[in-house]
Amino acid sequence: MPLLQLQDLNEKISTTFRPWQRSFQFWARAADIYTGYKVCQVRVKFVKGVEKQEEMWEKQHELAAEKLYSMCYDLGGFFLKAAQILGKPDLAPAAWVRRLVTLCDRAPATPFEVVQLVLEKELGRSTAEIFERFDVNPVGSASIAQVHRARVRGSKSDVAVKVQHPGVQELMMTDIRNLQAFALYLEKTDIKFDLFSVTKEIEKQVGYEFDFLREAEAMERIQRFLHANNKKVPVLVPNVVRDMVTRKVLVMEFIDGTPILNLGNEMAKRGINPGGKMAAVAKQ
């Protein structure tokens with residue numbers, strides 16, 4: 001890759017991940033969403049009838065959902081994870097859930113050129129030396145990493161190559177601190193609930209996810225536990241390719257499957273009765 005192209009990529013990454021820039025974008029967008037709700041709160045007081053009031057709130061939720069979606073998609077990082085958490089029926093207004101749930105498997109991907117740089121730095125060799133085939137387009141991209149399908153030289157089966165987005169840890173820590181400050185503000189003004197402690201716990205748990213060595217160990221521990229159980233367990237844990245694991249790269253056996261959010265569509269496609277035994281097992 002030409003030196004000039006590499007410099008352009010590095011500049012693009014550093015610009016995207018500047019803490020002050022992200023903080024400004026977060027506070028500007030959060031203030032816009034918050035103000036929208038406060039204005040709606042005032043307007044509702046002048047409207048008679050529960051139905052009309054609920055209709056106003058529903059419109060506000062839909063407007064806020066679009067803004068939240070844009071913020072989470074544009075900023076990525078922790079906000080993608082937050083969207084995935086909020087995109088559950090028991091945690092947010094229905095309008096939010098309908099919009100945010102689509103981010104669970106549509107997170108913006110890191111360009112292949114950048115992924116290649118991370119891989120070669122972490123594994124100490126060029127991708128051409130390691131892989132016989134490497135799919136440029138990722139199978140999926142999430143808040144912390146994305147996964148590519150590939151085949152290691154000399155192997156007969158495919159592997160899943162999980163690569164951490166560069167700069168994502170610093171980016172997420174900036175996001176979480178901004179969210180903690182916003183939580184403290186909401187506690188003092190609108191919500192009588194300890195939101196700050198929730199964000200501190202999230203910070204702790206998310207911190208673990210940046211270490212793929214830890215993840216590989218957890219996978220192997222679960223696998224040993226399942227194999228030690230004599231009963232047939234309907235769970236598959238991919239085998240880890242041990243000499244291809246670092247804090248930012250995790251190579252494992254590739255297993256074809258259906259994302260859990262697509263389960264309903266997949267069953268319908270196969271003609272499975274939604275009220276039948278198979279569907280009941282899937283829901284469980």
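Me: Contact means heavy atoms within 4.5 Å, so which residues does Asn178 touch, not counting residues up to four places away in sequence?

Reply: With those left out, Asn178 touches Ser23, Phe26 and Trp27. Keep in mind that this is a predicted model, where local features need pLDDT of at least 70 and side-chain atom pairs count only at pLDDT 80 or more, while totals for chains, interfaces and linings use all residues. Residues are numbered from 1 along each chain as its sequence is written, and side-chain values use heavy atoms, with hydrogens and water left out.

Me: What does the chain's secondary structure come to?

Reply: Helices (H or I, at least four residues) and strands (E, at least two) are DSSP runs, numbered from the N terminus. Here there are twelve helices and six strands. Along the principal axes, the C-alpha atoms fill a box of roughly 75 × 55 × 35 Å.

Me: And where does Asn178 sit, and is Asn178 buried or exposed?

Reply: Buried means under 20% relative accessible area, exposed over 50%, and partly exposed in between, using a 1.4 Å probe and protein chains only. Asn178 lies in helix H8, residues 168-189, and counts as buried because its relative accessibility is 9%. Across the whole chain, buried residues make up 36% of the 284 residues.

Me: How do I read the meeting of H2 and H8?

Reply: Start with the axes, which are lines fitted to C-alpha atoms, for helices over the stretch in contact; angles run from 0 to 180 degrees between N-to-C directions. The H2 and H8 axes come within 10 Å and cross at roughly 35 degrees. Next comes handedness: a crossing is left-handed if the near helix is turned anticlockwise from the far one by less than a right angle, and right-handed if clockwise. H2 passes H8 in a right-handed crossing.

Me: Which residues of H2 and H8 meet there?

Reply: From H2, they include Ser23, Phe26, Trp27 and Tyr34, and among their partners in H8 are Asn178, Phe182 and Tyr185. By class, this contact has eleven nonpolar, four polar and two charged residues. Ala, Val, Leu, Ile, Met, Phe, Trp, Tyr, Cys and Pro count as nonpolar, Asp, Glu, Lys and Arg as charged, and the others, Gly among them, as polar.

Me: How many aromatic pairs does the structure hold?

Reply: Rings of Phe, Tyr and Trp (its six-membered ring) pair if their centres lie within 6.5 Å; planes under 30 degrees apart count as stacked, over 60 as edge-to-face and the rest as tilted. The structure holds twelve such pairs. One of them joins Trp27 and Phe182: the ring centres are 5.9 Å apart and the planes sit at 80 degrees, so you call the pair edge-to-face. Since Trp27 lies in helix H2 and Phe182 in helix H8, the pair ties together parts that are 155 residues apart in sequence. As for accessibility, Trp27 is partly exposed at 33%, whereas Phe182 is buried at 16%. Ring pairs also link both into a cluster with Phe26, Tyr34, Phe78, Phe79 and Tyr185.

Me: What covers the buried residues of H3?

Reply: The cover includes helix H2 (19-44), helix H4 (78-86), helix H5 (94-100) and H8. Among the buried residues of H3 are Met56, His61, Leu68, Tyr69 and Cys72.

Me: Loops next. Where is Ser143 found?

Reply: Look in the loop between strand E2 (140-141) and strand E3 (145-152). Ser143 has a relative accessible area of 4%, so it is buried. Leaving out residues up to four places away in sequence, Ser143 touches Gly77, Leu80, Lys81, His165, Val168 and Met172.

How values were computed. Contact means heavy atoms within 4.5 Å.
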